[in-house]
Amino acid sequence: MLIIAFIGIVLLAVIDQLIKYWAINVLQPVGTMPFIRIGDMEIMDLTYLENDGAVFSSFSGMRWFLVFVTVALMAFCLYWLIRHGKKSRLLTCSLMLILGGGIGNLIDRLFRGGLVVDYFEVKLFHFAVFNFADCCVVIGVLLFAIYFFLIEPKIAKEEKIVKEEKSNG
């Protein structure tokens with residue numbers, strides 16, 4: 001299962017970088033192009049943006065701090081994947097998404113002068129411009145929270161019962 005997770009992580013990072021390659025070569029020259037429309041309602045556009053910060057441009061210009069934080073968080077996720085990944089497919093999937101997205105944005109920070117390429121712009125309401133890697137990280141964190149708060153306590157309880165039965169038996 002761990003090998004499949006590592007393949008998934010690499011695939012997610014590669015998909016992210018391929019989309020960013022497209023965005024740089026096709027989207028950047030035009031700036032913005034329509035993406036999702038329902039009648040006259042604009043839902044989402046593809047808009048080229050380079051971001052030197054984190055979410056909502058927070059920590060703008062703090063490239064090495066963001067690299068350090070990303071590496072530290074990814075090390076934590078890698079530890080959890082190796083140590084606890086066998087417990088649950090949901091846990092493995094969540095960590096795979098976080099790591100794949102984290103690597104995708106880390107590649108940008110390291111090899112694109114600290115600038116992360118973003119391209120999804122929600123037009124229905126004003127929101128940040130984001131990318132595939134960001135989606136992976138956010139979905140992964142939500143799934144991890146579901147696992148950690150809803151599933152992990154049940155697994156821990158079951159493990160405790162089995163341990164008690166073995167010590168009493």
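The term salt bridge stands for a side-chain nitrogen of Lys or Arg within 4 Å of a carboxyl oxygen of Asp or Glu. Before going on, please note that this is a predicted model, where local features need pLDDT of at least 70 and side-chain atom pairs count only at pLDDT 80 or more, while totals for chains, interfaces and linings use all residues. Residues are numbered from 1 along each chain as its sequence is written, and side-chain values use heavy atoms, with hydrogens and water left out.

Both partners, aspartate 16 and lysine 20, belong to helix α1, where they sit 4 residues apart, about one turn of the helix. Helices (H or I, at least four residues) and strands (E, at least two) are DSSP runs, numbered from the N terminus. An α-helix has 3.6 residues a turn, so residues three or four places apart point the same way.

Are these two residues buried or exposed? Aspartate 16 counts as buried because its relative accessibility is 0%, and lysine 20 is buried too, with a relative accessible area of 0%. Here buried means under 20% relative accessible area, exposed means over 50%, and partly exposed lies in between (1.4 Å probe, protein chains only).

Lysine 20 has another partner: its side chain also meets that of aspartate 108 in a salt bridge of 2.9 Å, N to O. This pair links distant parts of the chain, since lysine 20 is in helix α1 and aspartate 108 in helix α3, 88 residues apart. Aspartate 108, like lysine 20, is buried. With Arg112 included, Asp16, Lys20 and Asp108 form a network of salt bridges. The count for the model comes to 7 salt bridges.

Now step back to α1 as a whole. The helix covers residues 2–30, 29 residues, and reaches 41 Å from its first C-alpha to its last, close to the expected 42 Å; that expectation is 1.5 Å times one less than the number of residues. At isoleucine 24 the helix bends by about 40°, the bend being the angle between axes fitted to the seven residues ending there and the seven starting there. Just after α1, glycine 31 takes a positive phi of about 85°. The buried residues of α1 include Ala5, Leu12, Gln17 and Leu27, and the elements that the buried residues pack against include β1 (32–38), α3 (89–111) and α4 (132–168).

Helix α3 also holds glycine 101, which is buried with a relative accessible area of 0%. Which residues does glycine 101 touch, its neighbours within four places in sequence aside? They are Ala133, Cys136 and Val137, where contact means heavy atoms within 4.5 Å.

Arginine 37 and glutamate 42 join their side chains in a salt bridge of 3.6 Å, N to O; arginine 37 is partly exposed at 31% relative accessible area, and glutamate 42 is partly exposed at 37%. A nonpolar surface patch of about 740 Å² is made by Ile38, Met41, Val55, Phe56, Leu124, Phe125 and Phe127. Patches are made of residues with over 30% relative accessible area and no salt bridge, with like charges joined within 9 Å and nonpolar side chains (Val, Leu, Ile, Met, Phe, Trp, Tyr) within 5 Å. Accessible areas come from the Shrake-Rupley method with a 1.4 Å probe, and for residues only the protein chains shown count as cover. Phenylalanine 125 lies in the loop between β3 and β4 (129–130) and is partly exposed, with a relative accessible area of 46%.
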